[in-house]
Amino acid sequence: MNLVSEALDDLKGVNQVSLDVRELSNVMDYLVICSGTSSRHVKSLADNVSRMAKAAGHMPMGVEGEDAGEWVLVDLGDVVVHVMQPATRDFYDLERLWVAESPAEGGSVWGSDNSDSDPD
């Protein structure tokens, strides 16, 4: 986690959020979301995360979205990093999705405003 945070901070990533999703997911432990100010900045931030992870001996399992630069995902196994342009981040609102109450706690994973909506 420190490596990811440092990699994003080095290139001035905006509004970095780290979420502990161990109770919600069996494929990752942490989700990191960060914004870049342009497609070039988004690509550079994601590339820096990948390069620093490789240098520390952690090969990324995958990197998606580098071509467009709207949203780049870096899969480091236990940590998944999403670097997005602000409009894309606002639209998908991953923070709300991952911190929503679970149905077992009496809430809807889709949020109260979409409780009648079919997620498919």
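The paragraphs below lead through this predicted model, from its overall layout to its sheet, its nonpolar cores and its aromatic rings. Residues are numbered from 1 along each chain as its sequence is written, and side-chain values use heavy atoms, with hydrogens and water left out. Because the model is predicted, local features need a pLDDT of at least 70 and side-chain atom pairs count only at pLDDT 80 or more, whereas totals for chains, interfaces and linings use all residues.

The protein chain contains 4 helices and 5 strands, where helices (H or I, at least four residues) and strands (E, at least two) are DSSP runs numbered from the N terminus. Along the sequence these elements follow the pattern α-β-β-α-β-β-β-α-α. Of the 120 residues of the protein chain, 35% count as buried; buried means under 20% relative accessible area, exposed means over 50%, and partly exposed lies in between, with a 1.4 Å probe and protein chains only. Among the contacts with a separation of 6 or more, 49% join residues 24 or more positions apart, a contact being heavy atoms within 4.5 Å.

The strands form an open sheet of 5 strands in the order S1-S2-S5-S4-S3, with mixed pairing; two strands pair if DSSP finds at least two bridges between them. Strand S1 (14–20) and strand S3 (62–64) stand at the edges, and because each has a single partner strand, one side of each is left without a neighbour in the sheet. Neighbouring strands of this sheet are turned by 10° against each other on average, direction ignored; the axes behind such angles are lines fitted to C-alpha atoms, for helices over the stretch in contact, and angles run from 0 to 180 degrees between N-to-C directions. In general, strands of a sheet pair through backbone hydrogen bonds, either parallel or antiparallel. Here S4 and strand S5 (residues 79–84) pair in the antiparallel sense over 5 bridges, and Val72 stands opposite Val83 in S5. Helix H1 (residues 2–10) packs on the sheet, where it touches S1, strand S2 (30–35) and S5, and its direction makes about 15° with that of S5.

A nonpolar core is a set of buried Ala, Val, Leu, Ile, Met, Phe, Trp, Tyr and Cys residues joined through side-chain atoms within 4.5 Å. The largest such core has 15 residues, and Val4, Leu8 and Val83 are among those with the most contacts inside it. The elements that give two or more residues to this core are H1, S2, helix H2 (39–55), S4 and S5, and the largest share, 5 residues, comes from H2. Leaving aside residues up to four places away in sequence, Leu8 touches several residues, including Val32, Val49, Val81 and Val83. Apart from this core lies another, of 8 residues, among them Leu19, Met28, Leu31 and Met84.

Finally, a search of the whole structure finds 2 aromatic pairs. Rings of Phe, Tyr and Trp (its six-membered ring) pair if their centres lie within 6.5 Å, and planes under 30 degrees apart count as stacked, over 60 as edge-to-face and the rest as tilted. Trp71 and Tyr92 form a tilted pair, 4.9 Å centre to centre with 50° between the planes, which links Trp71 in strand S4 (residues 71–75) with Tyr92 in helix H3 (residues 86–92), 21 residues apart. Trp71 counts as partly exposed at 26% relative accessibility, and Tyr92 is partly exposed at 43%. The rings of Phe91 and Tyr92 have their centres 4.9 Å apart and their planes at 85°, so this pair is edge-to-face, and Phe91 counts as exposed at 65% relative accessibility.
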